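Dear colleague,

Please find below the structure that I am handing over to you. I would be grateful if you could read the notes after it alongside the coordinates.

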Amino acid sequence: MDRRNFLHAAGTVAAGVALTPAVAPAAPDASSPPADANQPRAFAFEEATVAELVTRMQAGTLTSRALTAAYLARIAAVDAAGPTLKAVIEVNPEALRIAAERDAERRAGRIRGPLHGIPVLVKDNLDTADTMQTTAGSLALVGKPAPRDSTVVAKLREAGAVLLGKTNLSEWANFRSTRSVSGWSGRGGQTRHPYILDRNPCGSSSGTGTAISANLAAVGIGTETDGSIICPSSICGLVGLKPTVGLVSRAGIVPISATQDTAGPMTRTVTDAAVVLQVIRGSDARDAATVGAASQTDDYLAALRADALSGARIGVSRNMAGFHPAVDAAFNQALDVLRGAGATVIDPCNVPTVGKYDADEFTVLLYEFKDGLNAYLASRGDTVAYRTLDDLIAYNTAHAAAEMPWFAQELFEQANAKGALTDTEYTQALARCRTLSRDEGLDALFREHRLDAVVAPSNGPSWVTDWINGDKYSGGNSSVAAVAGYPSLTVPMAYVSGLPLGLSFIGTAYTEARLLGLGYAFEQKTRVRKAPTFRRTLA
């Protein structure tokens with residue numbers, strides 16, 4: 001989760017770094033020094049899309065088993081060795097067998113779905129009923145595998161995906177300490193930034209962000225409470241979609257917030273994000289919040305039109321920008337692209353309630369984390385040794401050398417002190433969050449200006465990973481969509497001294513198709529994304 005809105009430790013990137021913004025072409029950034037010895041050997045499937053891989057499998061020039069083996073070799077060469085990204089916390093020992101089964105099914109004419117034979121990485125807070133662990137990065141949950149797939153994982157399997165492994169994350173989805181380091185977990189260690197290794201990949205879906213950017217799998221799954229898909233996606237040069245809360249089931253996912261949590265795709269293209277979202281969406285009896293998902297039947301792939309920006313009305317939320325001059329310069333160039341593609345750009349068109357819900361959001365998260373985590377631990381039965389948040393606090397205290405070498409667990413302790421979800425403090429805070437983010441925020445703004453989307457910079461430049469002082473977020477915009485439970489899409493926008501920046505398209509409830517169409521049109525106009533080269537440092 002992106003905690004910049006309520007943690008005092010938030011900071012800015014040092015002003016002395018030389019920055020050169022641009023809406024970059026696909027060619028390498030000329031201002032960047034050449035890759036160093038960390039650059040791995042050429043990879044046959046670098047930047048391969050789902051459609052390209054499926055086409056090759058249909059033609060018989062590629063098998064899922066060969067593709068899966070290639071990604072496993074890539075993980076060994078780049079993640080476990082070479083640049084040593086530490087993005088993958090565990091590979092699936094059954095991946096090659098599953099891939100061979102998908103090949104046999106294809107030969108027999110049985111195609112499960114749009115991801116048939118495609119290797120996928122999922123974050124290590126999604127339950128998988130196989131030999132892999134589900135730990136949220138904590139050593140406390142290491143033991144027996146989960147007894148049942150999360151609904152998202154079950155849908156991926158139904159669509160024919162090959163579960164390649166699990167990705168590292170900010171431990172407990174970055175909800176343990178006010179001084180935490182994104183990308184670090186007791187079980188997985190520190191995930192590194194794929195473009196510049198000493199920089200931070202942002203959290204909490206840091207492992208998925210780094211892994212998919214580094215071409216360790218075709219596509220990946222992250223989760224978000226506030227910024228945990230959008231921030232690592234944008235900072236790692238990816239497309240990331242945080243869906244409307246309730247469009248994708250949270251059943252079998254280690255929770256923070258019942259009102260803000262969601263899973264979503266993290267991919268290298270908008271098209272791949274649309275494919276994955278089409279697979280994982282839907283109602284689920286295990287998650288009451290998904291009751292409205294059954295009526296959402298948009299064809300996300302059909303929404304991907306190169307002219308989708310023509311005639312669109314786009315609001316520019318300047319009060320969610322202004323945190324870095326180089327980011328603003330890149331943002332202004334992106335706005336010119338939108339105008340050039342035929343969009344009506346209303347500038348400024350500020351979300352009026354930005355920041356007014358921060359304290360209430362924090363209160364809501366503390367209450368919901370305790371309630372949700374205790375329920376999740378109970379659902380795991382005898383596969384976990386620790387059954388309550390209180391138990392986990394005691395575990396961390398007893399194993400402080402492994403679990404708390406850099407930062408403590410004050411968020412655990414604050415959450416544990418809260419009462420039930422019937423407390424007036426909680427119900428009033430939640431009501432204010434919904435009023436400020438929805439009724440007086442995004443919904444009011446969209447009605448007044450007849451908007452298709454609001455845009456803002458997704459992130460500032462990544463900061464140097466610092467285990468002593470914690471994260472130094474340099475700006476972003478995830479909170480308004482997160483608190484409202486509304487969708488947000490980030491698409492690569494520019495590079496600043498080799499560090500990726502994203503452009504966010506924010507909508508109202510269940511407008512994923514519209515956002516994907518707008519993002520696709522922007523992507524086709526700019527073609528910003530380029531593969532990382534694993535530089536050791538910016539200097």
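Predicted model: local features only at pLDDT ≥ 70, side-chain atom pairs only at ≥ 80, totals over all residues.

Residues are numbered from 1 along each chain as its sequence is written, and side-chain values use heavy atoms, with hydrogens and water left out.

The chain has a mean pLDDT (the predictor's confidence in each residue, from 0 to 100) of 93, and 93% of its residues reach 70 or more. Residues 1–35 have pLDDT below 50, and this stretch has 101 contacts in the model beyond near neighbours in sequence. Contact here means heavy atoms within 4.5 Å.

Salt bridges

A salt bridge is a side-chain nitrogen of Lys or Arg within 4 Å of a carboxyl oxygen of Asp or Glu. The whole structure contains 23 of these salt bridges. One of them joins E47 to R529, with the closest N and O atoms 2.7 Å apart. This pair links distant parts of the chain, since E47 is in the segment before α1 (50–59) and R529 in the segment after α16, 482 residues apart. Helices (H or I, at least four residues) and strands (E, at least two) are DSSP runs, numbered from the N terminus. E47 is partly exposed at 25% relative accessible area, whereas R529 is buried at 13%; buried means under 20%, exposed over 50%, and partly exposed in between (1.4 Å probe, protein chains only).

R176 and E403 form another salt bridge, with the closest N and O atoms 3.4 Å apart. R176 is in the loop between α5 (171–174) and β4 (184–185), E403 is in helix α12 (residues 400–403), and 227 residues separate them. Both residues are buried.

D336 and R339 pair at 3.0 Å between the closest N and O atoms. They are 3 residues apart in helix α9 (residues 325–340) and are therefore separated by about one helical turn. D336 is partly exposed, at 48% relative accessibility, and R339 is partly exposed at 37%. Elsewhere, salt bridges that share partners join E94, R97, E101, R102, E105, R110 and R112 into one network.

Buried positions

S205 is in the loop between β5 (189–190) and α6 (206–213) and is buried, at 0% relative accessibility. A polar atom of the S205 side chain lies 2.8 Å from the backbone oxygen of S228. Leaving aside neighbours within four places in sequence, the contacts of S205 include K123, G222, T223 and M266.

V270, in helix α8, is also buried, with a relative accessible area of 0%. Not counting residues up to four places away in sequence, V270 touches residues including V239, L304, V491 and Y520.

Helix α4 (residues 151–158) has T151, V152, V153, K155 and L156 as its buried residues. Their cover includes β2 (119–123), β3 (162–167), β6 (219–224), β8 (262–267) and α8 (270–280). G160 follows α4 and has a positive phi, near 95 degrees.

Surface patch

W406, W467 and I468 form a nonpolar patch on the surface, with about 320 Å² of accessible area together. I468 is in the loop between β11 (453–457) and α15 (479–484) and is exposed, at 60% relative accessible area. Patches are made of residues with over 30% relative accessible area and no salt bridge, with like charges joined within 9 Å and nonpolar side chains (Val, Leu, Ile, Met, Phe, Trp, Tyr) within 5 Å. Accessible areas come from the Shrake-Rupley method with a 1.4 Å probe, and for residues only the protein chains shown count as cover.

Yours sincerely

Terms used: Polar contact = N/O pair within 3.5 Å; in protein donor to acceptor, adjacent residues only side chain to side chain.
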